[in-house]
Protein chains: 4
Amino acid sequence: MAGSKFAYVKKFELPDILLPSTFMVFRLDGHSFHRFSDEHGFVKPNDLRALQLMDHAAKSLMEEYKDIGLAFGESDEYSFLLRKSTALYNRRQAKIVSTLTSLFTSCYVFHWPRYFPDVPLRYPPSFDGRIVLYPSQQEVRDYFAWRQADTHINNLYNTAFWALVQQGGLTTTDAHAVLRGTVSKDKHEILFSRFGVNYDKLDPQYRKGSVFVRVKTAEESVDELSIRNDVASTQADVSGEALKQKKKGKVATQLELLHCDIIRDEFWKKYDHILKD
Amino acid sequence: MAGSKFAYVKKFELPDILLPSTFMVFRLDGHSFHRFSDEHGFVKPNDLRALQLMDHAAKSLMEEYKDIGLAFGESDEYSFLLRKSTALYNRRQAKIVSTLTSLFTSCYVFHWPRYFPDVPLRYPPSFDGRIVLYPSQQEVRDYFAWRQADTHINNLYNTAFWALVQQGGLTTTDAHAVLRGTVSKDKHEILFSRFGVNYDKLDPQYRKGSVFVRVKTAEESVDELSIRNDVASTQADVSGEALKQKKKGKVATQLELLHCDIIRDEFWKKYDHILKD
Amino acid sequence: MAGSKFAYVKKFELPDILLPSTFMVFRLDGHSFHRFSDEHGFVKPNDLRALQLMDHAAKSLMEEYKDIGLAFGESDEYSFLLRKSTALYNRRQAKIVSTLTSLFTSCYVFHWPRYFPDVPLRYPPSFDGRIVLYPSQQEVRDYFAWRQADTHINNLYNTAFWALVQQGGLTTTDAHAVLRGTVSKDKHEILFSRFGVNYDKLDPQYRKGSVFVRVKTAEESVDELSIRNDVASTQADVSGEALKQKKKGKVATQLELLHCDIIRDEFWKKYDHILKD
Amino acid sequence: MAGSKFAYVKKFELPDILLPSTFMVFRLDGHSFHRFSDEHGFVKPNDLRALQLMDHAAKSLMEEYKDIGLAFGESDEYSFLLRKSTALYNRRQAKIVSTLTSLFTSCYVFHWPRYFPDVPLRYPPSFDGRIVLYPSQQEVRDYFAWRQADTHINNLYNTAFWALVQQGGLTTTDAHAVLRGTVSKDKHEILFSRFGVNYDKLDPQYRKGSVFVRVKTAEESVDELSIRNDVASTQADVSGEALKQKKKGKVATQLELLHCDIIRDEFWKKYDHILKD
């Protein structure tokens, strides 16, 4: 056969299996999104349209990959938790990383016009992805706590920064100078005393990021719930997958979009199935 | 600092550096493209629009990543050769695989309407990617020969198959039955005697796949060439990057799209810089 | 400097860090020990001298590497559990695997004359080693259960086999034929009815393998214990390290050699510190 | 079967195949040999017995593993080159690293009394090992050049240092102070003017290290050569394997021990088969 004398080159593709029974966190980050957000006129410090587009892409990924039970997003990044026993693509690293990054990217471009109807995409955006393994539940909790603590720090800074620039009339250089060395309390104070902004009253999506949780749907009320969900889905927060799953005889699940604290125990007690297998 | 007690989770992200001074081949494959091509009415056995869209995305990738000197595409797959000394993302595997897959996907969705103006995308397509390392030039040549031999085998089969179905009126089951056990010569004969098709006269893009080669542009004629290229670029086969590069003081290069044999020596002699560093 | 133009070759040595906070099991196997045991006249089915030499080498390894809390040996293999937080050699895989294999081998050859005073080593024996990572306590328990179940199966077979050969006068071929298809109960019966051997009364070292557990020594009684240990150490089962450690201000530990069941809960309850960090 | 419910733990042992068609360099280093050499009274700056023992162990390794074509040793380290197509242990990294380190260690302890008849081993020495992959011949040459340049630098320093201490009566602190900041020429001068030592006349084993090359034996003269080799083998420099191999119908090879320059072209031209496959 024509190709057979060359087929030896396949042997150079080595196995890259991820350790079994270990949680996988898959994280995406926007590639050069500083420039991308400038070129597309993202509102500062937070562009609701851009965040909702990220959420939409994340939700699509979770609808496609049922082994993702939890996701957390902020700014131009998103993290996804795959259950520790997942056999997705036989746990091959490059296959998982590339396919998930690809689908997320594709959804982002595909759904762009829905969230930016008046802003045509000027060029194709891209993301990078990685997988990090965590052996235990505690590390998974701490990973997500780490991301949400990051959200808090970044958003408080950015909110104060852009208030100084947009409302305070400072140059960006001056705004950075004002904030240099300040602690959290100082930034709250600047926002409140200079601009009348109570940071804790701002939209929790900005302060807490976005959390998608997969929850089981009680079997007897699937149809009802689905209908309610469809009504509620104007903010892209509930999937229509429950019904489909019921027909397939699988456990019906749906995705809830939250903007809540995921650092303290409360969240993990309420959704304690996330870390179980 | 709020996040610091959680920052230990970063330590779980382990280095994944690819062996230095080794050729990288990055290959993309369409994910579930059998279904995707059906849903979007791809012409059988070859859809020129779909192939040109793949070529466009491949070219965009090469324009962005100058360390890619050669690419080969067929059907829903594309392979890219990165020069062996590339320091792209410090040779971190997940970063390279995910970013390149992401950008290709993004270009594919972004440019879709240009090639399928009357066929709206029904859902976001995705690709998987992988990197295979090759230590020597011979293995790189054999890798690309392997892919082109595959193109030949698949396309000859598909051309005969769809002739039997579309022109011969056979069911797909019967068409497969007719071809079972046939060798290359038999398929040529079926095409010629039953359908008057001289396989060797078919569009070389279908028979040979698409080859992108990065070539240096003679510095003194950059402007002229660029202009000619712009004129010639109606088929998206020549990049406008030459001019930009000249301004930056780098070596000007441009991308040539070919549909030629890459198994025999001729190609590799003509473009002998590809395998050099 | 003379060497500097060549020093780039160091870059080809890539990091091979093992996932943090994950149990490591390091296992050694004798290389071609079938031949080795024949050439050195090992008693069949069990050679007490050879097993005690293996135990001695294992104990030396645990004395040198305090992060090993448990070991299990049978025949020509030994498994060692490193605590999940160990930072030994910064968790570099090749460093750990090679150094531990080397020290075990060295101890084996070094102490050979003590256990085989009349049998000079005819050639240098070798071992291979590997590390397997386990994310959770249950998998560690199951790993050690797997090895001890293997000990049971192999030793019961070998005991019956060599009884048939040595006492029953069968050829090895015939002995294998007799045992083919037999289950555990059948082999017990053969041993008891034909040779008057109650398998369950045989030396537990043969039936259960060797278990080394590291236990803490109550600080106030270190000296006393150490002395008692020295007295008891004629079978190389207790280390003299307790005293040394006290002087260094570390927690004093000593090694206990057991030949007990490690499949059931009892062992793991009694020594529950093994799996903790 | 008793063990089957635990056998799932085998799945955690992941493949670790080394890239095909790539040179492997396996390097061993003595573990804590500063202390080991002190405890066993090694002569400074070079102990011929210790070097010859290292050579003996290296030669044994090459006799066992025919895919090693070249080795270079200095002080307490040794590097071995495996041909790029070697299929040893299916190119499994841990298996190769551990087995080769184990056999070398075993040979070192086993042959100790031959080289140190009056110095009993006080405790078991150990080595660590690693494998580094090199894609091309040039990198392999540069690797060995790097090690021999290191030999030169270290040995010149040590020779001058110990001359200052042993013959010059300096303390080690003062000797280091004298040499601080000196270049190669200065150290030659110190040796010559103060101690009448012409460094370039010292035993090449000290200045150049040890080089083992595997060479083919002309088939018709195997016996003759073997005999000559046996005569010459008083320094353990030629193996008796040639004859054995002839009987097996394989290409007969033998090992030559050299203390020559391996940085310049001459060596690689003379032994050009080393880098070929």
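Setting aside neighbours within four places in sequence, C:Arg49 touches C:Gly41, C:Phe42, C:Val43, C:Tyr115, C:Phe116 and C:Val119, where contact means heavy atoms within 4.5 Å. The residue sits in helix α2 of chain C, which covers residues 48–64; helices here are DSSP runs (H or I, at least four residues) numbered from the N terminus. With a relative accessible area of 28%, C:Arg49 is partly exposed, a label for values between buried (under 20%) and exposed (over 50%), using a 1.4 Å probe and protein chains only.

A word on the model itself: it is predicted, so local features need pLDDT of at least 70 and side-chain atom pairs count only at pLDDT 80 or more, while totals for chains, interfaces and linings use all residues. Residues are numbered from 1 along each chain as its sequence is written, chains are lettered from A and ligands numbered from 1 in the order in which they are written, and side-chain values use heavy atoms, with hydrogens and water left out.

C:Leu14 lies 35 residues from C:Arg49 in sequence and 42 Å from it in space, C-alpha to C-alpha. That brings in the contact between chain C and chain B, to which each of the two chains gives 9 residues. About 780 Å² is buried between them, with carbon and sulfur atoms giving 84% of that area; buried area is the accessible area (1.4 Å probe) that two parts lose on being put together, summed over both. On the chain C side, C:Phe12, C:Leu14 and C:Pro20 lose the most area to chain B, together 56% of what that side buries. The side of chain C that touches chain B splits into 7 nonpolar residues, 1 polar and 1 charged. In this scheme Ala, Val, Leu, Ile, Met, Phe, Trp, Tyr, Cys and Pro are nonpolar, Asp, Glu, Lys and Arg are charged, and the others, Gly among them, are polar. As for salt bridges between chain C and chain B, the count is 0, a salt bridge being a side-chain nitrogen of Lys or Arg within 4 Å of a carboxyl oxygen of Asp or Glu.

Conventions
Helix = DSSP H or I, 4+ residues; strand = E, 2+ residues; numbered from the N terminus.
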